[in-house]
Amino acid sequence: SRVRVMELDESPEVTFEYVGGLSGEIEEIREAVEYPLTMPEVFERIGVEPPKGILLHGPPGTGKTLLAKAVAHNAKATFIRMSGSELVHKYIGEGAQMVRELFSLARDRAPSIVFIDEIDAIGTTRTNDGTSGSAEVQRTLMQLLAEMDGFDNRGDVRIMAATNRVDMLDAALLRPGRFDRIIEIPVPDIIAREEILKIHTRKMNLSPDVNLAEISVLTEGLTGAQIQAVCREAGMFAVRKSAFEVTNQDLLDAINKVTGEEHDSEERMF
Ligand code: ATP
């Protein structure tokens with residue numbers, strides 16, 4: 001049952017070619033995570049300490065997990081993902097032990113990259129419910145801080161985390177020697193959206209009338225995950241018609257479907 005909370009992947013298949021936009025962010029992540037693993041002697045020679053922990057923050061579905069997997073691929077490192085929220089909600093009473101196991105696994109499988117998704121679940125400033133869960137969450141956080149403090153920056157285990165609530169994070173996590181490199185992962189701009197559209201239609205048979213530049217204008221405000229959903233839905237429209245290719249109209253209909261569904265679910269909440 002512990003397999004679910006920790007996902008392990010020896011050198012993931014994902015590469016930076018699958019990431020649309022974010023070229024500046026990719027370079028920053030490579031410098032902080034990949035190069036310390038692949039050329040530690042350069043850091044040594046120059047006498048510079050790589051950052052201890054790298055925190056990616058930004059809206060859900062903007063590619064944080066994708067980036068962490070791609071950097072693990074490049075570094076030929078084992079990728080070990082743990083979800084902060086699953087840890088807190090499914091493993092009540094076991095959080096601190098799970099954190100210990102996570103780091104021990106990372107050391108065994110080095111070179112490795114530990115990726116803690118939704119870290120805000122174990123490290124928020126205040127617990128708004130004040131329930132008994134909070135003491136347990138506090139213990140889990142303490143264990144995480146202890147593991148990070150006991151770590152050598154130059155070792156072959158790199159630590160990454162992601163959150164979409166950076167404003168809520170416990171200040172203890174952001175101190176020097178903890179998550180001391182913070183990289184914002186924004187929603188894609190128009191150029192990035194066109195790249196993401198190309199990535200997710202790469203294997204599709206597209207009609208010559210498809211105009212991805214137009215589609216990238218019309219997907220303003222959507223995240224990478226939502227653009228991926230648009231491409232998938234467009235493909236499904238073509239499948240339902242038993243067509244031979246995906247048309248521009250399929251993509252337009254898919255935008256309406258994906259953005260419409262979100263309006264619906266927002267309305268249902270009230
Ligand atoms: P969450 O905070 O919800 O975990 P996230 O930022 O980690 O989100 P991902 O899980 O990396 O987002 O993104 C989900 C999927 O959306 C990816 O597997 C990918 O297919 C697609 N995607 C997101 N961003 C991009 C991007 N910049 N380029 C290409 N695909 C993207």
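The model is predicted, with local features requiring pLDDT of at least 70 and side-chain atom pairs counted only at pLDDT 80 or more, while totals for chains, interfaces and linings use all residues. Residues are numbered from 1 along each chain as its sequence is written, and side-chain values use heavy atoms, leaving out hydrogens and water.

Biologist: Which geometry, stacked, tilted or edge-to-face, do the rings of Phe 103 and Phe 151 adopt?

Modeller: The structure holds two aromatic pairs, where rings of Phe, Tyr and Trp (its six-membered ring) pair if their centres lie within 6.5 Å, and planes under 30 degrees apart count as stacked, over 60 as edge-to-face and the rest as tilted. For Phe 103 and Phe 151 the centres are 5.7 Å apart and the planes stand at 70°, so the geometry is edge-to-face.

Biologist: How many residues apart in sequence are the parts that this pair ties together?

Modeller: Helices (H or I, at least four residues) and strands (E, at least two) are DSSP runs, numbered from the N terminus. Phe 103 lies in helix H6 (residues 95-108), whereas Phe 151 lies in the loop between helix H7 (133-149) and strand S5 (157-163), so the separation of the parts is 48 residues.

Biologist: Is Lys 76, with its positive phi, buried or exposed?

Modeller: Lys 76 has a positive phi of about 50° although it is not a glycine, and its place is the loop between helix H4 (64-74) and strand S3 (78-83). Buried means under 20% relative accessible area, exposed over 50% and partly exposed in between (1.4 Å probe, protein chains only). At 66% relative accessibility, Lys 76 therefore counts as exposed.
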